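Let us walk through a protein model together, one stop at a time. Keep the sequence and the 3D view open while you read.

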Amino acid sequence: MKPRLFSTLALFALFAGPALAQAVQVDEKLPKYTPAKGGVSGVIKSVGSDTMNNLMAIWGEGFKKFYPGVTLEVEGKGSSTAPPALIQGSSNFGPMSRQMKEQEIDEFEEQFGYKPTALEASIDLLAVYVHKDNPIKGLTLQQVDAIFSKNRKGRYPTDIGKWGQLDLEGAWANQTISLYGRNSASGTYGFFKTSALFKGDFKNYVKEQPGSSSVVQGVATDKYGIGYSGIGSMTADVRAVPLSSDGETYVRAVPEHVYSGEYPLWRFLYLYVNHKPNQELDPLRREFVRYVFSYEGQQDVVKAGYFPVPAAVAKKNLAAVGLELELAQPVEAGAAKN
């Protein structure tokens, strides 16, 4: 996934320039949302990722400003709950913080005769959090693996169970590292297992939490804790540790390092839909998808604490459900005066 879209993200970072270092910017080529003539109404039912709960709610509130007759129902118990809900028809959107597994796709295709459609709706940075008072300067992915995994497929020479093994001194040295994470229903669990644990298995004593915010809260109240969660759940009581994939350069968990591809733990957040090829989406789903990939919809992404997709990514994803993206035209200098 990353090699295929890295050039698009890097290109966006190039054109966005230094502004990314200051704040997350929405691509100005994304068009402002224009409501459908005659409006739409109905119920948007979202079942899936806990990571995307707040994002779905913010999208819903923004969408309702255009269509007050729309109701949004969000249930977030983990990405693995999205495919069954789409298959059973109990949801019309399946937010997932990971891609569907082959078995999930096969089960959907067996039911409908075609595959589900994945829309890359926003970008998330997965952070490794420690307590705000923890002095650690950075971790390699191999060290992260040795902290969380019982297999050490990253080939770090020893298991890591004490903070002193990471060169922390004084009162920290003999303290046991407390581990916080998600349960296996979570897409975040699966992504971290693949990308940070080199597909190894978690240690049996990781404290599994029901949601992304719960992981951060656990670390915030445990001085010697460490956990992983999306950047949208970060609070002032924790610190995101700079990470290194080459063992030399430690990269901070900030937007410009995601768009440049330097930060090792980034991912798309997906909206899955049941879209029959060569057929139009019903008006409610069509307009919600159009809103998500509009300028306002991607502003909502920033509001939720995640990163917006470039216009090129939005255009590709809209095309996947038979919709077009008309890029916004830059305003010429002096045009406002004429």
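R152 sits in the loop between helix 6 (141–148) and strand 6 (178–182). Helices (H or I, at least four residues) and strands (E, at least two) are DSSP runs, numbered from the N terminus. The phi of R152 is positive, about 55°, although R152 is not a glycine. With a relative accessible area of 27%, R152 is partly exposed; the word buried means under 20% relative accessible area, exposed means over 50%, and partly exposed is in between (1.4 Å probe, protein chains only).

Before going further, a word on what you are looking at. This is a predicted model, in which local features need pLDDT of at least 70, side-chain atom pairs count only at pLDDT 80 or more, and totals for chains, interfaces and linings use all residues. Residues are numbered from 1 along each chain as its sequence is written, and side-chain values use heavy atoms, with hydrogens and water left out.

How confident is the predictor? The pLDDT is its confidence in each residue, from 0 to 100. The mean pLDDT of the protein is 91, and 90% of its residues reach 70 or more. Over residues 1–7, however, the pLDDT is below 50, and this stretch has 14 contacts in the model beyond near neighbours in sequence. Residues 13–22 also have a pLDDT below 50, with nine contacts in the model beyond near neighbours in sequence. A contact here means heavy atoms within 4.5 Å. Where pLDDT is low, the predicted coordinates should not be read in detail.

Now step back to the whole protein. There are 12 helices and 11 strands in the protein. A compact globule with 338 residues would have a radius of gyration near 20 Å, and the protein's 21 Å agrees with this. That radius is taken over C-alpha atoms, and the globule rule is 2.2 Å times the number of residues to the power 0.38. Along its principal axes, the C-alpha trace spans about 65 × 55 × 35 Å. Of the 338 residues, 52% are buried. Among contacts with a separation of 6 or more, 77% are between residues 24 or more positions apart.

Let us return to the loops. K199 is in the loop between helix 7 (187–195) and strand 7 (207–209). Not counting residues up to four places away in sequence, V206 touches F148, L179, Y180 and G181.

Is S186 buried or exposed? At 3% relative accessibility, S186 counts as buried. Leaving aside neighbours within four places in sequence, S186 is in contact with G78 and S79.

Helix 8 (residues 212–220) comes next, with S212, V215, V216, G218, V219 and A220 as its buried residues. Their cover includes strand 4 (117–131), strand 6, strand 7, strand 8 (225–230) and strand 9 (238–240).

I231 is in the loop between strand 8 and strand 9, and I231 is buried, with a relative accessible area of 12%. I231 and D124 are 107 residues apart along the chain, with their C-alpha atoms separated by 6.7 Å. Setting aside neighbours within four places in sequence, the contacts of I231 include D124, L125, A127 and Y129.

L139 lies in strand 5 (residues 139–140) and counts as buried at 0% relative accessibility. Beyond neighbours within four places in sequence, the residues in contact with L139 include V128, V144, I147, L166 and I226. Helix 10 (residues 283–292) is mostly covered, with seven of its 10 residues buried: L284, R285, E287, F288, V289, Y291 and V292.

Note on methods
pLDDT is the predictor's confidence in each residue, from 0 to 100.
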